[in-house]
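Subject: Structure handover, with notes on charged pairs

Hello,

Below is the structure for your files. My notes on it follow directly after.

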Amino acid sequence: MNMKKKTILYLVSLFFLSVPLTGRGQDKKAWEIGAGGSLINWSRVSVTGFQSTPDNYMYNLKANHLMGGANLYVARELNRWFYLDLQGTVGVAKNKNRIAGNDRKHDLLYMGGLGMQFRFTPLFESQWVEPYLRVGVDYLHKNFASAYGGNFVNDPTGEAHWESSDVWNPDGRSSDKNSFVPLSFGAGVNAWLSNSFGLGLQGEYLLPVQKNLPHFVQVSARVIWRIGGKSKKQAPVVKYVEIEKPVEVEKIVERIVEKQADTAGSVEAMACDLLDNIYFEFDKDVLTAASEKTLDRLAGLLKSYPDARFLITGYTDARGSSAYNTDLSNRRAKRVYEALLERGVPAAMLKWHGIGKRASIIPVAAGNSVREGDRKVLLERITNMKYWEAL
């Protein structure tokens with residue numbers, strides 16, 4: 001395997017090995033896949049002819065400064081600020097300097113490499129436009145000669161010399177090499193038309209690691225397909241308003257009960273105290289061993305009031321996505337419901353649901369011990385039978 005193929009395989013392998021796996025409990029990270037076109041500002045000078053006249057000599061040069069090509073793009077979200085990408089470009093131009101042994105119709109340039117994007121999206125309210133800065137390292141190979149100076153063939157004087165200036169190189173002169181490694185510094189912007197499709201525009205300046213090689217710029221435009229990641233659509237705003245006739249739901253309030261009395265208020269208070277001692281395995285709906293014993297006592301208490309109706313509601317703290325927390329709170333509320341059924345509590349007495357983090361009070365930045373207060377399962381005694389039937 002030649003050096004070019006080894007380098008390309010190494011860059012691709014490094015990209016996929018650098019992508020972190022998404023674990024349970026984390027938001028699913030976004031993938032972006034794009035395809036489009038590029039314009040490469042690559043100067044190519046060719047000698048097109050020589051003519052001698054009685055008065056002077058005519059030396060003809062042909063200078064080309066742009067190459068068009070195709071661009072491929074894959075990016076992986078690391079967090080809100082950083083994306084890791086893999087980009088590749090194939091430049092194509094007509095070969096206008098055909099000589100003996102070089103009769104190909106087109107000049108080709110191949111370039112690809114890894115980059116890191118710093119996105120400014122978290123600084124803006126809108127998620128639909130994403131400006132970013134990018135740095136990267138590429139591998140470049142071309143099959144044509146980039147001539148920047150030389151003597152004329154068939155020059156009768158033997159003294160004429162031509163030289164082409166590289167406008168991007170500080171000293172204006174460049175050497176030629178078919179394969180080398182340039183560093184990339186650029187900026188771009190992605191404009192999303194929907195949650196899955198968007199357009200991207202990127203400009204970059206490429207600086208070879210080795211001195212005296214061509215400096216150049218590249219501009220790429222692409223169509224992008226987005227998979228996974230946080231939805232760019234804003235979550236609906238939930239507003240709570242007071243109504244003239246509130247629903248007749250008696251919510252259990254936590255308080256210390258020193259003595260159990262044979263009343264409806266007593267069952268609510270004791271049930272609340274017992275639920276306060278129910279815990280789950282971290283990030284799971286699996287009850288701890290201590291919670292199983294607490295549920296034995298709770299089931300015995302509820303079976304003493306067969307005519308009562310109770311709603312089991314699961315809550316989570318504010319950490320994590322809304323979809324994930326809603327699912328987790330549903331599973332935990334259902335687990336308490338199933339545990340009570342297993343202990344003989346009639347199914348007609350119980351219903352369950354989860355509301356995730358919608359009722360959480362403590363912000364994500366607070367400590368775990370503080371946010372623990374938002375992670376709970378509550379029991380409500382329902383006295384409005386029409387409301388009960390509608391649940």
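Searching the whole structure gives eleven salt bridges, a salt bridge being a side-chain nitrogen of Lys or Arg within 4 Å of a carboxyl oxygen of Asp or Glu. Please bear in mind that this is a predicted model, in which local features need pLDDT of at least 70 and side-chain atom pairs count only at pLDDT 80 or more, while totals for chains, interfaces and linings use all residues. Residues are numbered from 1 along each chain as its sequence is written, and side-chain values use heavy atoms, with hydrogens and water left out.

Arg134 takes part in two of the pairs I looked at. With Asp85 it forms a salt bridge at 2.8 Å, N to O. That pair links distant parts of the chain: Arg134 lies in strand β7 (residues 129–142) and Asp85 in strand β5 (residues 82–94), 49 residues apart. Strands here are DSSP runs of E of at least two residues, helices are runs of H or I of at least four, and both are numbered from the N terminus.

The other partner of Arg134 is Glu204, at 3.4 Å, N to O. Here too distant parts of the chain are linked, since Glu204 sits in strand β12 (residues 197–208), 70 residues from Arg134 in strand β7.

Are these side chains buried or exposed? Glu204 is buried, with a relative accessible area of 7%, and Arg134 is buried at 3%. Asp85 is buried as well. The classes are buried under 20% relative accessible area, exposed over 50%, and partly exposed in between (1.4 Å probe, protein chains only).

Arg335 and Glu342 form a further salt bridge, at 4.0 Å, N to O. Arg335 counts as buried at 19% relative accessibility, whereas Glu342 counts as exposed at 57%.

For the protein overall:

- The secondary structure comes to six helices and 17 strands.
- Of its 391 residues, 37% count as buried.
- Among contacts (heavy atoms within 4.5 Å) between residues at least 6 apart in sequence, 67% join residues at least 24 apart.
- The accessible surface is about 22600 Å², with 58% belonging to carbon and sulfur atoms; areas come from the Shrake-Rupley method with a 1.4 Å probe, and for residues only the protein chains shown count as cover.

Regards
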